[in-house]
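Hello,

Here is the structure I said I would pass on. Have a look at it first, then read my notes below.

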Amino acid sequence: MERLAEGEGVYVYFECPDLDERVVRLQEAGVIFDEPASDRNWGWREARLRDPDGNRLILYFAGAMRFHPPWRVG
């Protein structure tokens with residue numbers, strides 16, 4: 001059987017307009033987060049966890065920052 005490539009693995013992003021509430025519901029259901037929801041310096045709010053295979057899952061809310069970040073090149 002061939003092995004998968006090693007490294008940091010896969011990152012899967014899911015945008016959640018109700019990020020904070022969703023994180024609370026998942027925690028109440030027993031989901032463990034690597035990093036709780038917090039504001040990131042690039043303007044998104046993110047919470048990070050892993051799936052059973054170790055892939056990184058990032059729940060985020062970008063809002064207007066997704067389309068109009070201050071670093072946008074015009």
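**What I found**

In this predicted model, E46 stands opposite Y60 in strand β4.

First, the ground rules. Numbering starts from 1 along each chain as its sequence is written, and side-chain values use heavy atoms, with hydrogens and water left out. As the model is predicted, local features need pLDDT of at least 70 and side-chain atom pairs count only at pLDDT 80 or more, while totals for chains, interfaces and linings use all residues.

**The overall plan**

The protein has one helix and four strands. Both kinds of element are DSSP runs, numbered from the N terminus: helices are H or I with at least four residues, and strands are E with at least two. Read from the N terminus, the order is β-α-β-β-β. The radius of gyration is 15 Å, well over the 11 Å that the globule rule gives for 74 residues, so the protein is more spread out than a compact globule. That radius is taken over C-alpha atoms, and the globule rule is 2.2 Å times the number of residues to the power 0.38. The C-alpha trace spans about 50 × 35 × 15 Å along its principal axes.

Buried residues account for 23% of the 74. Buried means under 20% relative accessible area, exposed means over 50%, and partly exposed lies in between (1.4 Å probe, protein chains only). The accessible surface is about 5800 Å², and 55% of it belongs to carbon and sulfur atoms. These areas come from the Shrake-Rupley method with a 1.4 Å probe; for residues, only the protein chains shown count as cover.

Two strands count as paired if DSSP finds at least two bridges between them. Strands of a sheet pair through backbone hydrogen bonds, either parallel or antiparallel.

Take the pairs in turn:

- β1 (residues 11-15) and β4 (residues 56-61) are parallel, with five bridges. Y11 has R56 as its bridge partner in β4, and Y13 has I58.
- β3 (residues 45-50) and β4 run antiparallel, joined by six bridges. Their hairpin has five residues between the strands, and G54 there takes a positive phi near 90 degrees.
- β2 (residues 35-39) and β3 are antiparallel, with three bridges. They also form a hairpin with five residues between them, where G43 in the turn has a positive phi of about 100 degrees.

On the β4 side it stands opposite Y60. S38 also stands opposite E46. Is E46 buried or exposed? E46 is buried, because its relative accessible area is 1%.

Which side chains make polar contacts with the side chain of E46? One is W42, at 3.4 Å. Another is R48, at 2.7 Å. A polar contact is a pair of N or O atoms within 3.5 Å; within protein, one must be able to donate a hydrogen and the other to accept it, and residues adjacent in sequence count only if both atoms are side-chain atoms.

Contact in general means heavy atoms within 4.5 Å. Not counting residues up to four places away in sequence, E46 touches several residues, including Y13, L19, P36 and I58.

R48 counts as buried because its relative accessibility is 18%. Leaving aside neighbours within four places in sequence, its contacts include Y11, Y13, F33, D34 and W42.

**Outside the sheet**

R3 lies in the segment before β1. R3 counts as exposed because its relative accessibility is 67%. The C-alpha atoms of R3 and D34 are separated by 26 Å, and the two residues are 31 apart along the chain.

Best wishes
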